[in-house]
Amino acid sequence: MTLALRLAQQGKRVTLFESAPSLGGLASAWKLGDVVWDRHYHVTLLSDAYLRSLLKELGLESEIEWVQTRTGFYTNSQHYSMSNALEFLRFPPLNLIDKFRLGATILYASRLKDWKQLEKVSASEWLQRWSGEHTFSAIWLPLLRAKLGENYRKASAAFIWAIIARMYAARRAGMKKEMFGYVPGGYATVLDRLGTLLAKENVTVRLAEPAKRIEADSKGGVLVTLENGRREGFDQVVCTFASPLVARMCPSLLPGEVDRLQGFEYQGIICASLLLRKQLSPYYITNITDSGLPFTALIDMSALVNRKHLGNNGLVYLPKYIPSNSPDFELSDDVIQGQFLQGLSRMYPQFDRQDLLTFRVSRVRYLLPIPTIGYSERLPAVTTSVPGVHILNSTQIVNGTLNVNETIQLAEKAAARFAFLPPIAGEELTADESQEANRQPVA
Ligand SMILES: Cc1cc2nc3c(=O)[nH]c(=O)nc-3n(C[C@H](O)[C@H](O)[C@H](O)COP(=O)(O)OP(=O)(O)OC[C@H]3O[C@@H](n4cnc5c(N)ncnc54)[C@H](O)[C@@H]3O)c2cc1C
């Protein structure tokens, strides 16, 4: 959406095809009973300069509510607060030496500027070296597994570095406090404003129109075939979806490009949203180090968001990160609900199922490209060998984590790069004529 906006502001005619019935992708909103909130938990950090700048343009930056949140750990069937240095020192699962090494690891990572050297070593090897065997198996390993499953073995130390660097940047910007922000109304408000701005800039938004095939045509343009069979021609096409899908949808890419795009291994996610009668946890995030729970963390959005924005209810997210080819994607909503509620009762024996108002399940196969050893050497080029076909997606985030700020940054930089494309002048053409003549950039 950011890319479409910038290209339109450059004077180009832009069409945005979105396969879903609403805008926003991973950051889209949905309904939980009467409450509209994000399909996946989202926070903004004080250091999210690109996102905050876009929100400023949308007139929303000054509306952000910044909150100091708390972090919890669920370890050995106990809940611990890990929200400040004192609580860290009291944390029973680690002895004093472990704690010192853990603190030193985080501090060292936060000061390291040369992330590229960390790409050469695996996250587990690096963490064991710096934090020691016990802290690795008690803390780091469960956290790595929570996000990457068994794929943690493939992740480089740059993955950990990027997470620590993001949190440290946020703390620096927030005067040492962990401040998280949200726009009242959540991403529904942001997307609504952005959608309005796209319309004002004459971006044509085509919802529920998945693209199926993207190829060069004989006249130097690009032909897009939609799932519904329609074919439309454009000057340039930017694919902003997952790399393996780009490989599948662009048959004229070179074999080397296809291999590279298919070579990215993705983590997916099953993420349940639970609207509850009341707030469940005092912590925004509870990291889970115990094994055997069906989800990999617990996020209580109502510990961050003023409950007046949530119809005075509680809102909990239960994510389960799994490989993109996991059979768990086939589990029905009912099975997931049964498993997750059982896990929740284990963590919170006082949890009363009568308090559950709504349970919705989101499934995403291609969420997070695993930052493997030497990852930045294998990035897909923005401009492909197929004339007029470009790629812009999260596999191109090299020294950061997956978040909206990084995504917008990619779009802003690419838009500057695409500025050389000439604006289209001329008359409006019919849909049939468009295939021949109305070539326009498309995000
Ligand atoms: C559980 C979770 C928690 C997160 N937490 C945070 C957070 O706290 N803070 C933060 O900043 N970020 C967070 N993020 C990350 C953030 O949502 C992403 O960085 C961002 O939304 C990525 O945007 P994108 O446009 O690159 O990709 P996407 O959002 O994946 O957009 C790709 C779009 O392409 C569409 N599409 C796919 N195939 C086709 C096709 N064939 N034709 C047409 N359209 C197609 C999809 O429907 C989708 O809308 C979180 C994400 C998740 C899942």
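Helices here are DSSP runs of H or I with at least four residues, and strands are runs of E with at least two, numbered from the N terminus. Just after helix α1, G11 takes a positive phi of about 100°.

This is a predicted model: local features need pLDDT of at least 70, side-chain atom pairs count only at pLDDT 80 or more, and totals for chains, interfaces and linings use all residues. Residues are numbered from 1 along each chain as its sequence is written, and side-chain values use heavy atoms, without hydrogens and water.

**Helix α1**

Seven of the eight residues of α1 are buried (under 20% relative accessible area, 1.4 Å probe, protein chains only). They are T2, L3, A4, L5, R6, L7 and A8. Contact means heavy atoms within 4.5 Å. The buried residues of α1 pack against these elements:

| Element | Residues |
|---|---|
| β1 | 15-17 |
| α2 | 49-57 |
| α9 | 187-200 |
| β13 | 236-239 |
| α13 | 404-418 |

α1 (residues 2-9) and α13 pack at an angle of about 30°, with axes 8 Å apart. Axes are lines fitted to C-alpha atoms over the stretch in contact, and angles run from 0 to 180 degrees between N-to-C directions. That makes α1 roughly parallel to α13 (angles under 35 degrees). T2, L3, R6 and L7 of α1 meet I408, A411, E412, A414, A415 and F418 of α13.

**Cores**

A nonpolar core joins buried Ala, Val, Leu, Ile, Met, Phe, Trp, Tyr and Cys residues through side-chain atoms within 4.5 Å. The largest has 56 residues; W37, W126, I160 and M301 touch the most other members. Helix α8 (residues 157-173) gives the largest share of this core, seven residues. Another core, of 34 residues, lies apart from it and includes A27, V404, I408 and A414.

Methods
Buried means under 20% relative accessible area, exposed over 50%, partly exposed in between (1.4 Å probe, protein chains only). Angles under 35 degrees count as roughly parallel, over 145 as roughly antiparallel, 65 to 115 as roughly perpendicular and the rest as oblique.
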